[in-house]
Amino acid sequence: MARRPLVAGNWKMNGRKSSVGELVKIIAGVRKLGEVDLMVCPPATLIMSFAAAARGSRVAIGGQDCFPLPAGAFTGDISAEMLKDAGAEAVIVGHSERRQYHGETDAAVRAKALAARRAGLVPIVCVGEIRADRDAGRACEVVGGELDGSLPETGAQVIVAYEPIWAIGTGMTPTAGDVGAMHEFIRESLTSRYGEAGQDVRILYGGSVKPDNAKELLTVANVDGALVGGASLNATDFLAIASVYS
Ligand code: PGA
């Protein structure tokens with residue numbers, strides 16, 4: 001089963017107009033890479049200008065969150081349709097920072113994933129356990145519960161990102177063996193949910209992916225790319241991670 005790898009950068013709450021320079025470097029660098037898709041998810045304020053800069057290149061632009069409804073009286077929120085209109089092709093939903101700081105439940109994440117699809121965006125649904133759950137041997141149980149609650153019930157047009165919460169922004173990562181076991185577990189969950197189409201769903205690993213650990217983590221079976229936070233803010237590091245697939 002050929003799943004083309006995807007390396008997506010989650011810029012979180014970072015980036016100003018001038019940051020387009022970093023994107024331009026990524027666009028230039030991707031020409032030297034092999035079979036890999038690249039995506040940059042900047043803050044919503046930059047989606048329109050980034051999408052314009054990336055048009056016609058191999059770099060897609062994504063959002064970091066969306067509201068479930070298409071429009072209405074929801075001050076401060078941004079709909080999937082608006083992201084699409086601004087030039088996004090995908091949107092991250094259910095990132096652990098959204099779940100933690102904004103109290104997003106699995107049901108809310110699923111509603112956002114469905115909204116993304118309605119708008120013609122690919123949802124990138126994030127799941128991951130806290131350290132105590134891994135230490136207690138409950139990592140698969142927790143991630144399985146999040147998948148059950150957050151993924152759309154039908155239709156396999158989705159990307160899953162496995163991001164152990166304790167590995168995000170900490171410099172700590174699971175072993176390649178633990179990543180492989182979790183991604184295999186997620187694959188099984190996807191095929192039991194979506195049938196054969198579950199084989200086509202890309203499962204990204206996220207959490208302290210850096211140029212020096214990318215090869216070890218991203219060449220594991222059923223790891224179809226990465227969701228990169230900190231290291232995606234620097235074009236050289238981001239491209240070095242993606243070059244694992246060249
Ligand atoms: P990190 O973030 O690469 O900085 O650990 C990953 C993420 O939160 O998507």
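This report describes helix packing, ring interactions and selected residues in a predicted model.

The model is predicted: local features need pLDDT of at least 70, side-chain atom pairs count only at pLDDT 80 or more, and totals for chains, interfaces and linings use all residues. Residues are numbered from 1 along each chain as its sequence is written, and side-chain values use heavy atoms, with hydrogens and water left out.

## Helix packing

Helices (H or I, at least four residues) and strands (E, at least two) are DSSP runs, numbered from the N terminus. Two packed helices are described by the angle between their axes and the distance between the axes.

H1 passes H2 in a right-handed crossing; a crossing is right-handed if the near helix is turned clockwise from the far one by less than a right angle, and left-handed if anticlockwise. Contact means heavy atoms within 4.5 Å. On the H1 side, Val20, Leu23 and Ile27 meet Phe50, Ala53 and Ala54 of H2.

Pro211, Ala214 and Leu218 of H9 make the contact with Asp237, Ala240 and Ile241 of H10.

H5 contributes Asp106, Ala107, Val109, Arg110 and Ala113 to the contact, and H7 contributes Gly145, Glu146, Asp148, Gly149 and Ser150.

## Ring interactions

Rings of Phe, Tyr and Trp (its six-membered ring) pair if their centres lie within 6.5 Å; planes under 30 degrees apart count as stacked, over 60 as edge-to-face and the rest as tilted. By this rule the count comes to three aromatic pairs. One of them is formed by Trp11 and Phe50, edge-to-face, at 5.3 Å centre to centre and 90° between the planes. Trp11 lies in the loop between strand E1 (6–10) and helix H1 (20–30) and Phe50 in helix H2 (residues 47–54), so the pair ties together parts that are 39 residues apart in sequence. Both Trp11 and Phe50 are buried, where buried means under 20% relative accessible area, exposed over 50% and partly exposed in between (1.4 Å probe, protein chains only).

A charge sits over a ring if NZ of Lys or CZ of Arg is within 6 Å of the ring centre and within 35 degrees of the ring normal. The charged end of Arg131 sits over the ring of Trp166, 4.3 Å from its centre.

## Selected residues

Leu151 lies in the loop between helix H7 (139–150) and strand E6 (159–162), and at 0% relative accessibility it counts as buried. Leu151 and Arg110 are 41 residues apart in sequence, with 5.5 Å from C-alpha to C-alpha. Beyond neighbours within four places in sequence, the contacts of Leu151 are Arg110, Val125, Glu146, Val158, Val160, Leu190, Arg193 and Tyr194.

Val30, in helix H1, counts as buried at 2% relative accessibility. Val30 and Leu239 are 209 residues apart in sequence and 7.2 Å apart in space, C-alpha to C-alpha. Not counting residues up to four places away in sequence, Val30 touches Leu38, Arg58, Val59 and Leu239.

Most residues other than glycine have a negative phi. Lys12 has a positive phi near 50°; Lys12 lies in the loop between E1 and H1 and is partly exposed, with a relative accessible area of 21%. Asn222 has a positive phi near 70°. Asn222 lies in the loop between H9 and strand E8 (225–228) and is buried, with a relative accessible area of 19%.
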